[in-house]
Amino acid sequence: MKKVTIADVAQHANVSKSTVSQYLNNRFDYMREETKNRIEESIKELGYRPNIVARSLKQKSTTTIGVIVANILHTFSTQVIRAIEDTCQEAEFHTIVCNADDDPDKERKYIEMLRAKQVDGIILLPTGDNAALYNEMLTEGYPIVFVDRTVPDVAIPSMLLDNEKASGMGIQHFIDRGYTKIGIITNVIRNVTPRMERITGYKNTMNANGLDIREDYIKSLEVSRIREGVHELLSLDDPPEAILAGNDLTLIEILKYVKENHVKVPEDLAIIGIDDVSFAGFYEPGLTIVAQPTFEIGKKAAEFLLNKIQKKEDQDEGLVFRFDPKLIIRESC
């Protein structure tokens with residue numbers, strides 16, 4: 001079938017091509033209602049579909065951004081994506097979502113693919129191992145924003161949780177409830193910001209309360225080994241009474257171990273998790289959580305990137321926006 005063009009629509013509606021173009025770009029200031037209706041009917045009858053590629057070349061914008069998350073299985077990632085998509089939808093921008101699986105090579109290929117598709121900017125939860133590529137985009141003035149992580153020697157704006165405060169908040173709650181033997185388990189994903197800062201917050205809070213820091217109470221493990229790590233902790237001669245889970249996937253693995261081994265919460269082991277999970281309120285017992293304001297983080301990242309793309313305001317590079325955690329107290333400690 002012959003491809004229907006703007007000229008075909010204009011001829012069918014008995015208007016000029018520029019009038020059809022104004023209609024397609026929602027510029028109705030000087031357009032009569034009857035003209036709008038004729039163009040709309042012509043588009044329907046002819047089955048016209050705008051050529052997005054041609055329009056983007058003319059306007060020098062695809063009105064599309066890319067979002068590359070480190071691991072889409074995290075509750076944090078999916079909620080941030082939703083907030084970004086909502087914010088972009090309001091601004092009439094589209095989103096392309098990619099999952100890097102914490103793999104630097106996969107991340108690099110996605111960045112190259114998105115830029116080849118001429119997306120106007122990228123929101124990235126960085127693996128941290130493509131610093132040269134990040135700095136190359138920064139030097140070019142390409143709009144990019146980090147979420148959840150910062151990267152040493154890369155001055156790209158980043159939106160993330162106050163991780164030290166988050167883990168400190170969980171540890172302090174344990175201490176306030178009378179626990180002194182407290183462990184922490186995090187994912188081992190190289191030297192990414194959240195893991196390192198949450199361990200720092202754990203240590204600082206223990207020190208501030210005059211409690212000993214035992215290195216055998218601190219574990220950074222692959223997700224597949226977390227249950228094994230819990231078993232090692234609880235098999236120590238002097239095991240911890242409480243464990244802080246560094247994120248949602250870690251929490252889920254700890255809960256699997258608890259169920260499989262008939263460990264009573266909180267009688268045998270107290271648990272707090274960082275990152276809210278959908279089942280925290282109806283799990284038995286209810287899980288005490290240190291929650292991230294995920295929707296605020298995603299919204300801020302999208303707004304910041306859109307402002308850079310649309311050059312609405314000057315924004316300093318290298319800014320780090322920290323968001324406050326919230327302690328949701330339930331019955332798991």
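This dialogue walks through a few local features of a predicted model.

Reader: What should I know about the model and its numbering?

Author: This is a predicted model: local features need pLDDT of at least 70, side-chain atom pairs count only at pLDDT 80 or more, and totals for chains, interfaces and linings use all residues. Residues are numbered from 1 along each chain as its sequence is written, and side-chain values use heavy atoms, with hydrogens and water left out.

Reader: How are two packed helices described?

Author: By the angle between their axes and the distance between the axes. Axes are lines fitted to C-alpha atoms, for helices over the stretch in contact; angles run from 0 to 180 degrees between N-to-C directions. Helices (H or I, at least four residues) and strands (E, at least two) are DSSP runs, numbered from the N terminus. Here, helix H1 (residues 6–13) packs against helix H3 (residues 33–46) at about 125°, with the axes 9 Å apart. That angle makes H1 oblique to H3. The classes: under 35 degrees is roughly parallel, over 145 roughly antiparallel, 65 to 115 roughly perpendicular, and the rest oblique.

Reader: Which peptide bond involving proline 266 is cis?

Author: The one joining valine 265 and proline 266, with omega about 5°. Proline 266 sits in the loop between helix H11 (248–260) and strand E9 (270–274). Another cis peptide bond joins glutamate 284 and proline 285, with omega about -5°. Proline 285 is in the loop between E9 and strand E10 (288–291).

Reader: What is the phi of threonine 63, and where does the residue lie?

Author: Its phi is positive, about 45°, although threonine 63 is not a glycine. The residue lies in the loop between helix H4 (52–59) and strand E1 (64–69). Aspartate 102 also is not a glycine, and has a positive phi of about 55°. Its loop runs between E2 and helix H6 (104–116).

Reader: Is aspartate 102 buried or exposed?

Author: Buried means under 20% relative accessible area, exposed over 50%, partly exposed in between (1.4 Å probe, protein chains only). Aspartate 102 has 12%, so it is buried. Threonine 63 has 26%, so it counts as partly exposed.

Reader: Which residues form the nonpolar patch on the surface?

Author: Ile72, Leu73 and Val97, with about 260 Å² of accessible area together. Valine 97 lies in strand E2 (residues 94–99). Its relative accessibility is 39%, so valine 97 counts as partly exposed. Like charges are joined within 9 Å, nonpolar side chains (Val, Leu, Ile, Met, Phe, Trp, Tyr) within 5 Å. Accessible areas come from the Shrake-Rupley method with a 1.4 Å probe; for residues, only the protein chains shown count as cover.

Notes. Patches are made of residues with over 30% relative accessible area and no salt bridge: like charges are joined within 9 Å, nonpolar side chains (Val, Leu, Ile, Met, Phe, Trp, Tyr) within 5 Å. A salt bridge is a side-chain nitrogen of Lys or Arg within 4 Å of a carboxyl oxygen of Asp or Glu.
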